[in-house]
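Good morning, everyone. Please look at the screen while I walk you through one chain.

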Amino acid sequence: MAWKPAEIPDQTGRTFVITGANGGLGAVTTKVLAAKGATVIMACRNTVKAKEVASGIDGDVRVAELDLADLASIRKFADDSGGFDVLINNAGLMNIPFSRTKDGFETQWGVNHLGHFALTGLLLDRIGDRVVTLSSIAHKQTPKLWIDDLDYEKRRYQRNLAYAQAKLCNLMFARELQRRLRESGSAKRSYGVHPGVSATDLFAHTETPLDYVAKPFIRLIGHSPAKAAHSTLFAATMPDADPETYWGPTRLFGSQGPVKPSSSTRLSQNKDLWQRLWAESERKTGVTYSFSAGRTPAQ
């Protein structure tokens, strides 16, 4: 039988931090968790929009400013944060024109991966339970990981390939974080999930004609944002969810359907690349993870 959010246990007393919660899957996830009694912190760049969304959700929902394209903003958010239970790395950009973050990173990689890598490292000693990181079936669209040119300093920029690379990095990060937590003896867990395909605002910022035609097409092959959020909610709340499993829908090449163990590429399972990506991410962000049993401080 397909898993449904009705199965989520009471979340009273638990606090969740969700990046990019001012729309799409993040807003859906916020609403469901708040209805289950959780305290939800919406960590968003656009706090005006986030407050509008929060005002329409019943429960303990708070808004905090976080710009994943700015390491200084990430550090400030971390400095201002207390302890909580679950971090959901949800925010993302897709297929946008070439640009760079404030710190000089290619924006899709910088926001989708590096921003979340830095955020997670700076908060990990305050996370009581788990980290959930959203990847995508798009991770299957890249034939390799250009570990020596992740910022497109030598290659011609291809927006769809840059997005695929960033989502591959999300999945590799989730898996390597889980491996390091497990080997350190920590009880914390790291999950990689994907939502399938859904007509969210991700499909409205490419600055191409695709912005006008994508959503109707996506509605035909994908599923609603409410259903697309199921994999995130499952991994974030279910006590027995296996962190070694990549959770997501599996029907129609992974674009829709109930939450199940999902397939991923052989490339995404390359443990040597996980570690090389980790080292490069530490070098780029200046955030160094230090693991110990039960507690994982970051510098």
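This is a predicted model: local features need pLDDT of at least 70, side-chain atom pairs count only at pLDDT 80 or more; totals for chains, interfaces and linings use all residues.

Residues are numbered from 1 along each chain as its sequence is written, and side-chain values use heavy atoms, with hydrogens and water left out.

Now the overall picture. The chain has 9 helices and 8 strands. Helices (H or I, at least four residues) and strands (E, at least two) are DSSP runs, numbered from the N terminus. Of the 299 residues in the chain, 58% are buried. Buried means under 20% relative accessible area, exposed means over 50%, and partly exposed lies in between, with a 1.4 Å probe and protein chains only. The chain exposes about 12800 Å², and carbon and sulfur atoms supply 51% of that area. Those areas come from the Shrake-Rupley method with a 1.4 Å probe; for residues, only the protein chains shown count as cover.

What about contacts (heavy atoms within 4.5 Å)? Take those between residues at least 6 apart in sequence: 72% join residues at least 24 apart.

Next, the strands. Two strands pair if DSSP finds at least two bridges between them. Look at E4, residues 84-89. Why is E4 called largely enclosed by the rest of the structure? Because 6 of its 6 residues are buried. Strand E1, residues 15-19, runs parallel to E4, with 3 bridges. There, Phe16 stands opposite Val86. E4 also runs parallel to E5, with 5 bridges. In that pair, Ile88 faces Val132. The path from E4 through H4 to E5 is a right-handed β-α-β crossover. Right-handed means this: with the strands pointing away from the viewer, the path from the first strand over the helix to the second runs clockwise.

There is another such unit. E2, helix H2 (residues 47-55) and E3 make a right-handed β-α-β unit. Met42 has Val63 as its bridge partner in E3.

On to helix H1, residues 24-35. Among the buried residues of H1 are Leu25, Thr29 and Leu33. Just after H1, Gly37 takes a positive phi of about 100 degrees.

Asn95, with phi near 55 degrees, is one case. Asn95 sits in the loop between E4 and H4, and is buried at 15% relative accessible area. Tyr152 also has a positive phi, about 55 degrees. Tyr152 lies in the loop between E5 and H5, and is buried at 5%.

Now cysteines. How many disulfides does the structure hold? It holds 0, counting pairs of cysteine sulfur atoms within 2.5 Å. Cys44 is buried at 1% relative accessibility, and Cys169 is buried at 0%.

Last stop: Ser292, in the segment after helix H9. Ser292 is partly exposed, at 32%. Ser292 and Glu183 are 109 residues apart in sequence, and 9.2 Å apart in space, C-alpha to C-alpha.

That is the tour. Thank you.

Technical notes. The expected span of a helix is 1.5 Å times one less than its number of residues. Contact means heavy atoms within 4.5 Å.
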